[in-house]
Amino acid sequence: MNGADIVIDVEGLSKSFDGKLVVDNLSMQVRRGRIHGFLGPNGSGKTTTIRMLCGLLTPDKGRGRCLGFDILTQQTEIKRRTGYMTQAFSLYADLTIRENLEFIGRIYGLDDPSARAREAIDQLGLTGRADQLAGELSGGWKQRLALGACIMPRPQLLLLDEPTAGVDPKARRDFWDEIHQLAHEGLTVLVSTHYMDEAERCHEIAYIAYGRLLAQGTTTEIIAQSNLSTYVVSGADLGDLAETLKHTPGVDMVAPFGAKLHVASRDHAALDGVAREFAAPGIAWERDAPNLEDVFIDLMSRARSNYP
Amino acid sequence: MSASTDPTGARGEPRPAGFASHPLDEGEGIPRLARLWASLERLYAVFVKELIQLRRDRLTFATMIMIPVMQLILFGFAINSDPKHLPTAVLDNDNSAYSRLFIASLKKTDYFDIRYSLSGPSQIDPLILSGAVNFAIEIPQNFARDLARGENPAILVVADAADPTAVNGAFIALTGMAAQVFTRELLGPLQNLSAKPAPYEVRLQKRYNPAGETRLNIVPGLVGTILTLTMLIFTALSVTREIERNTMESLLAMPINPVEIMLGKILPYAMVGFFQMALIAGAARFIFDVPVVGNLGTFVVLTMLFIVANLSVGYTFSTIAKNQLQAMQMSFFFFLPSILLSGFMFPFRGMPVWAQNVGSILPLTHYLRIVRGVMLKGAGFSDLAADTGALAAFALAAMIVAVLRFRQTLD
């Protein structure tokens with residue numbers, strides 16, 4: 001792959017707060033025009049990593065480049081070319097939509113901030129509501145406006161920190177369509193999320209837990225790397241079975257999915273044995289390919305036992 | 001991921017086709033003037049934003065008007081440093097036509113409200129001690145006779161000088177009266193007595209505070225205290241508000257530097273300060289009849305300097321405080337010594353040396369000298385150079401601290 005195509009390239013990033021290691025020796029690369037998903041449980045270090053990438057936090061250790069600029073010394077250059085959408089709504093609630101966008105336009109030195117703000121408002125479909133206070137918008141509209149504000153200065157890199165938290169499914173779908181359109185036009189996107197369906201919409205994903213990067217690659221690659229063998233168990237009254245299986249040797253993960261149970265293990269032979277042992281009338285064991293969530297739950301439980 | 005082994009490969013500047021011409025490029029080749037222009041543009045962005053927020057925040061807007069008005073009314077009207085109708089007790093040991101004339105003249109000055117007519121000197125002390133009267137006046141026996149003989153009889157005035165400013169005006173009126181009260185009565189053979197000095201003596205005994213100071217110039221000082229209070233509070237909240245409303249992270253992620261943010265946030269309030277100055281100065285001139293002897297331009301320029309100094313202090317607090325409550329507490333921590341040690345409350349020269357030293361650090365101290373100098377004495381820039389220099393140094397130091405304290409990262 002061509003080096004100039006790497007937009008984010010960081011190596012060995014570490015950061016601790018009050019002696020607590022939040023990001024531990026993290027390295028990652030993101031290529032231009034790709035949507036890179038950043039997954040992991042709460043407090044895993046996703047936000048801290050994103051903040052280190054855009055110069056809001058200084059890493060304790062490690063080095064790297066973002067858009068070709070050093071993350072330790074050229075933060076201003078990175079900021080000029082990066083749109084960062086924070087987890088909480090961060091536009092001014094007491095400014096109107098138009099005033100917020102004009103403010104951003106002026107900060108980024110756009111040629112005609114008013115015209116650019118008007119353009120962005122039209123694109124967002126907020127034409128008639130330009131003079132409404134940003135704080136009065138609904139959750140979905142706030143999120144659209146925040147994204148619109150981020151891309152108005154035409155950044156080369158978009159950092160989105162849990163952008164769809166608290167947004168309804170329709171708005172989420174529209175949001176992702178928009179992200180794909182932007183990536184198609186050449187924008188690179190790093191997006192953190194909790195949602196598996198969103199993870200599957202990313203070109204590549206990185207899974208982080210307890211500050212450590214546990215897996216990286218495309219969905220298919222991550223599932224293949226996991227070397228997980230999975231059975232789907234169906235039948236009535238699976239609750240007791242689930243409890244028993246959790247303590248059965250050779251079973252790495254048990255998770256209910258609706259009326260069914262996902263049972264997974266890295267020891268394929270052992271799991272086959274378990275399947276035979278617990279097969280009973282009314283309880284069907286079926287082999288299935290593991291899905292992304294199986295892999296992540298397994299990664300997380302392993303990470304927890306490794307880093308208590 | 002081959003790039004991990006080849007970090008140098010990423011050093012070339014990526015230029016995605018769709019975003020080839022970037023409006024924000026300010027590389028080394030861009031002339032300094034263009035960079036300055038871009039910086040001013042960002043400063044202007046913050047300035048406009050702050051103005052809009054200020055306009056929409058009704059409560060802040062109301063306090064801006066209400067604080068000066070309230071303080072003016074409180075200090076200007078309610079706290080009168082030249083009070084009249086002070087409760088007074090009189091012990092007339094002579095009971096002659098002359099002594100009665102003297103008492104009638106006392107009443108006419110409007111300073112004395114005779115509440116008690118005493119029968120013996122032992123009644124004086126309890127009245128003064130309890131605060132029932134501010135003055136006790138004792139006319140000696142044979143006052144009329146001694147007066148006629150030209151023996152210069154002495155009238156004893158006992159004053160409660162615990163609050164010196166309260167009794168000074170009255171005492172000045174009393175001594176002034178002494179020269180004139182008997183002019184009309186001392187006719188014929190007694191006419192030679194009416195020549196100054198007064199034919200009798202007023203002996204003042206100040207109780208509790210023998211070294212009472214002269215009265216203060218309250219209203220010019222009010223310009224300084226009101227501006228200190230309002231300017232401090234407004235900027236003290238400006239940075240903490242961004243933090244509490246979750247907008248700080250975004251602001252820091254934008255390509256703007258701390259100096260641009262600071263000036264953009266200070267400027268709108270300098271405008272507010274200008275209007276407050278006009279309001280207070282107008283009230284001083286037209287409601288309280290304080291003359292403006294000096295040059296109005298000098299007054300405006302130096303007051304603006306004082307406003308900027310206070311805004312810088314408030315902004316500095318804002319960069320140190322963790323939340324708006326802390327910022328408010330810090331403002332009051334600064335405001336109290338400003339009121340007490342600047343010479344607004346007590347005469348500066350009357351304070352102990354350590355207090356004068358503390359006072360000299362505060363901008364209000366220097367501004368009080370400036371405002372009293374310009375308004376009352378007609379002083380110009382050259383007379384006020386030292387205090388002007390102190391104010392400017394203070395403003396600059398506060399701004400430097402603020403910029404150094406401003407955290408550009410979330411570390």
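User: What volume does the largest cavity have?

Analyst: A cavity is, on a 1 Å grid over the protein atoms alone, a set of points where a 1.4 Å probe fits but cannot get out, and lining residues have an atom within 4 Å of a point; a volume is the space filled by probe spheres set on the points, which are joined across faces, edges and corners. In this predicted model, local features need pLDDT of at least 70, side-chain atom pairs count only at pLDDT 80 or more, and totals for chains, interfaces and linings use all residues. Residues are numbered from 1 along each chain as its sequence is written, chains are lettered from A in the order in which they are written, and side-chain values use heavy atoms, without hydrogens and water. Here the largest cavity has a volume of about 150 Å³, and of the 15 residues that line it, Y84(A), I104(A), C150(A), S250(B) and M254(B) are the closest to its centre.

User: How many nonpolar, polar and charged residues are in its lining?

Analyst: Ala, Val, Leu, Ile, Met, Phe, Trp, Tyr, Cys and Pro count as nonpolar, Asp, Glu, Lys and Arg as charged, and the others, Gly among them, as polar. The lining of the largest cavity has 11 nonpolar, 4 polar and no charged residues.

User: And which residues line the second largest cavity?

Analyst: This cavity, with a volume of about 60 Å³, is lined by residues including D94(A), E50(B), D57(B), R241(B) and R245(B), and its lining divides into 2 nonpolar, 2 polar and 5 charged residues.

User: How many cavities does a search of the whole structure find?

Analyst: The search finds 7 cavities of 30 Å³ or more.

Note on methods. On a 1 Å grid over the protein atoms alone, a cavity is a set of points where a 1.4 Å probe fits but cannot get out, and a pocket is an open set with protein on both sides within 12 Å along at least five of seven lines; lining residues have an atom within 4 Å of a point.
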